[in-house]
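Colleague: Could you walk me through this model and tell me what stands behind each term?
Modeller: Gladly, let us look together.

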Amino acid sequence: MKNLVLASILAGLTPVASADVTINEPWARATVPGQPVGAAYMKISSTSTARLLSAESDIAKEVQVHTMQNHEGVMKMREHGQLEISAGQTVELAPGGLHLMLMGLKKPLAAGDTLNVKLTFEDAKKVKSTAVVAVPVRPIGK
Ligand SMILES: [Cu+2]
């Protein structure tokens with residue numbers, strides 16, 4: 001119960017990477033034991049041009065930005081590379097589209113847990129800033 005309360009408090013926070021970048025509604029999907037990868041989703045807004053340079057999490061060996069593409073009727077994931085956020089734009093990472101792929105999970109993502117994802121952004125002047133986003137884990141199928 002204590003964990004649940006903490007997760008909802010964390011989920012209500014809006015981590016700010018810099019004065020310009022805001023992250024809303026982060027969440028990740030629970031994984032089954034043995035599943036090597038997981039996915040995290042969120043909305044990233046910026047009032048000025050920003051670029052997501054990298055993402056990392058202590059729960060995964062590597063975090064990549066992925067996109068989904070329809071390849072001859074089959075949805076396939078591929079690495080997206082650095083994510084651009086234009087001034088005033090909100091980029092939505094959501095199931096079926098852009099997502100943060102947590103590669104090489106060190107343990108399963110359990111519903112009710114919260115994982116931390118550190119995002120490094122760069123603004124138009126190449127000034128870097130980081131945000132540690134508390135990402136609550138939702139049950140499979142939700
Ligand atoms: Cu992926």
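Modeller: Let us start with residue classes: Ala, Val, Leu, Ile, Met, Phe, Trp, Tyr, Cys and Pro count as nonpolar, Asp, Glu, Lys and Arg as charged, and the others, Gly among them, as polar. By these classes, ten nonpolar, five polar and one charged residues line the largest pocket. This is a predicted model, where local features need pLDDT of at least 70 and side-chain atom pairs pLDDT 80 or more, while totals for chains, interfaces and linings use all residues. Residues are numbered from 1 along each chain as its sequence is written, and side-chain values use heavy atoms, without hydrogens and water.

Colleague: Which residues lie nearest the centre of the largest pocket?
Modeller: Those are Arg29, Gly38, Ala39, Tyr41 and Met101, among 16 lining residues. Strand 2 gives the largest share of the lining, four residues; strands are DSSP runs of E with at least two residues, numbered from the N terminus.

Colleague: Why is the pair of Trp27 and Tyr41 called tilted?
Modeller: Rings of Phe, Tyr and Trp (its six-membered ring) pair if their centres lie within 6.5 Å; planes under 30 degrees apart count as stacked, over 60 as edge-to-face and the rest as tilted. Here the centres are 4.7 Å apart and the planes at 40°, so the pair is tilted. Trp27 lies in strand 1 and Tyr41 in strand 2, so the pair ties together parts 14 residues apart in sequence.

Colleague: What makes the charged end of Arg138 sit over the ring of Trp27?
Modeller: The rule asks for NZ of Lys or CZ of Arg within 6 Å of the ring centre and within 35 degrees of the ring normal. The charged end of Arg138 sits over that ring, 4.1 Å from its centre.

Terms used:
1 Å grid on protein atoms, 1.4 Å probe; cavity = no way out; pocket = protein on both sides within 12 Å on 5 of 7 lines; lining within 4 Å.
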